[in-house]
Amino acid sequence: MTEPTASDRTAEEVLAAATVQVASADGHIGGLGVLIAPTLVLTCAHVVLGAARLPLTRAEPPDAPVRVRLVLAATGEETGAVVRHWVPVRGDGGGDVAVLALDRPPAGARPVLMVAPHTVWDHRAMVFGLPDDGTGGGWHTAVLRGRTGTGRLQMSPLDAQADPVQPGFSGSAVWDLELGAAVGIVVSVSSSRRGQSFCIPTRTVLDEVPELAELLAPASPFPGLRPFTEENSAHFFGRDEDVDAVTALLCPQGPPEGCVTLTGPSGSGKSSLLMAGVLPRLGERGTEAVTLRAEGRLPDVGAVRDALERHRSAPGLVLALDQAEALLLRPEEDLRALVDRLLDACAHPGVGVLVVLRTDFQDAALRHPQLSRLVGGAPAHQLGLMTREQLTEVVRLPLRAFPGVEYDNGLADRLVEDAAGRPGALPLLGFVLNTLWERQTGGRLRLDTYRELGGLGGVLSSRADSAWQRALRGAPPGTAAGLLRALIQVPPGSTTALRARLSRRDAGEEQWAIARNLAEARVLVLGADPEQGETVELAHEALIEHWQPLAEQLEADRSFLTWRGELRYDRARWWREGRPDGALLEDPALGTAEQWLAERGDELTDEDREFITASVALRERQQREAARSERIRRYLRFLGVGVTVLAVVAASVVSVLYLNMLEEQRRLASDRLARQAAAYDDVSLVTSSLYAAAAYRTADRPDARSALLAQYLRFRDVERIPLENRAEVDSVALTEDGERLYALLKDGDFIDLDLRGKERPKPLQRTKNGDSDHIAVDGVPLCGVGDLRG
């Protein structure tokens, strides 16, 4: 299905709607002018003076108003005009600029677009004039040349058929046929012999009247890949409801309070909403705001403290932490103090904190020990995709400030259709709108240009690819790929890449030359840093996804980029902790770092290499200390072995001496025990036998063997010893049944023993001395032992 498109207006139509005649009240024509705004006309000072019939070199503007009307309109309605800006003709031929303010816009008029290009050399141009020949006007074609010493632009006749520039052409717009815009106004003509004419180029007009900058050479209302800022908030549309919602969360009771999180996917316009929407809205409420962009080591506690100090007298203050996902690159210890300071700040009345965070890093932030304290319990506003109505505002409303600029029929609707429902479309839309603005023709943003660019999806890649191919010409192999790797980074624990800032010092001159070429195409953005000096970074993170060379480089080198992100995380922690040995790399991480250093050391910063070198030095020092300790341990082991051997020898000698001494002591003890056994023969058989056994067990000596043998002979017929160790026995008697035994002791005791029990019997009765004659057993008087045995 083909798209409807209107035919472009021709240069003749554009100039017809913008060229006006400047005359006095009585109709005396001084020359022409060009409509640059609905009620502003740009012309020459001498044209205004000529209409008033005043000397053309007069320094002051005329007091009386003049009359203007569209010169090519069928019925041109006149309107009054007075001088707004005045630059008289100077003695050197410079100056000669006037700006007229109209009472009302002329009917049917349309302001013309004026541009100030760097060069127009050899461009074809056309001019309308009013020669004094009664024809009602004529057209002159010319070839543009260069600028003169007075700032004029020379024009050479293109052919002999066209009307020459002559009185009556002054103040008319010079239309560049190649640029499709006016590049100046006619001011003078040389002698007829030379045939040259001159115009005041737009750049000279701007130098003479700087106030016309927004009209004659307006900057694009579209920021391209950069976010909107407070300075261009007048062109920020489509997010009023989101601005209201965030402002209400920050200021629920009037003054700002607490912490609020603004989340959204990459390319949803979070930074633009913050800077061009929320901050101006807070300013309208009398609340001041400070934007703290998270990058590198910033913001730190000092930045927060300075912001609070500078705005301590403000009735309300919001600290806006933009691109907070970059904080995940910093060590946990580093963030603790920052989070503490922010939480302390928003705990005070009249101070709020707004954290702007990408949705795909929200989970990581909530899991982070420190960031979770800041965003975990904070109310949040989720920025979603724009509706078609919102996108229509984004596309159409900015052009209201530029009456001379419009879209081709169907282009605005096509842009909205292509962007609707597409995640991450806003930076692409901003980029394509800015490109269309730069390539406009005759004040029209063209549908054909949009098609040539490849539409919304192809414009960014097309621009970046063209710039990339130009930058690669003559570049050393591998240098360009190294630059791409240096422009992206992967936070630890994440697979999503972020853009990285690269300093000129770390890039080297070869990579820096490529970076400058890409910056000229606005694929990269040059900057400056107090610590790093000149820097460069991607214009937007959308390039990581939509620029094929960069996306392919990311996938091919993801392992290296992931490792480098972890390295820089560890390096930052090492620096923050005062460079202690305990924070340096250890194996196996150090071995991996050495491998990457050998392969891609030129892609690491000086700080990266210093960190790895310090880690290697620590390992070598530890290895030397370990080797020294091992030598000491080996010496001590050898010494211990020697001492042990000496100790064993000494112990053996001592043991032998001790055993000999012990053996001698055992022999002496055995002999003593044998003598004791003999001494107890008449006292206690049991004791004597125990001594004899002890003597033999102590040492196998002759006396011990003799004592033991004697005991054996004594006891071999003995079954039981019922009683002993009482006194010397005088006589004994045994009953016939063998159950009882009676003994008469020398001390006069009489003992009656019951032999039936297994336990040793106890004496049952005793007698006094002298009673033994009266004792009888079974009727037989108790007598001596010999008698009983007989």
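By class, the largest pocket is lined by 22 charged, 16 nonpolar and nine polar residues, where Ala, Val, Leu, Ile, Met, Phe, Trp, Tyr, Cys and Pro count as nonpolar, Asp, Glu, Lys and Arg as charged, and the others, Gly among them, as polar. The model is predicted, so that local features need pLDDT of at least 70 and side-chain atom pairs count only at pLDDT 80 or more, while totals for chains, interfaces and linings use all residues. Residues are numbered from 1 along each chain as its sequence is written, and side-chain values use heavy atoms, with hydrogens and water left out.

The space in this largest pocket amounts to about 1,300 Å³. Of its 47 lining residues, Glu 295, Gly 296, Arg 297, Gln 532 and Arg 571 are the closest to the centre. A pocket here is an open set of points on a 1 Å grid over the protein atoms alone, where a 1.4 Å probe fits, with protein on both sides within 12 Å along at least five of seven lines, and lining residues have an atom within 4 Å of a point; points are joined across faces, edges and corners, and the volume is the space filled by probe spheres set on them.

Helix 20 (558–576) is among the elements that supply at least two lining residues each, and its nine residues are the largest share; helices (H or I, at least four residues) and strands (E, at least two) are DSSP runs, numbered from the N terminus.

The second largest pocket has a volume of about 930 Å³, and its lining holds 22 nonpolar, nine polar and seven charged residues. Helix 13 gives the most to this second lining, with five residues.
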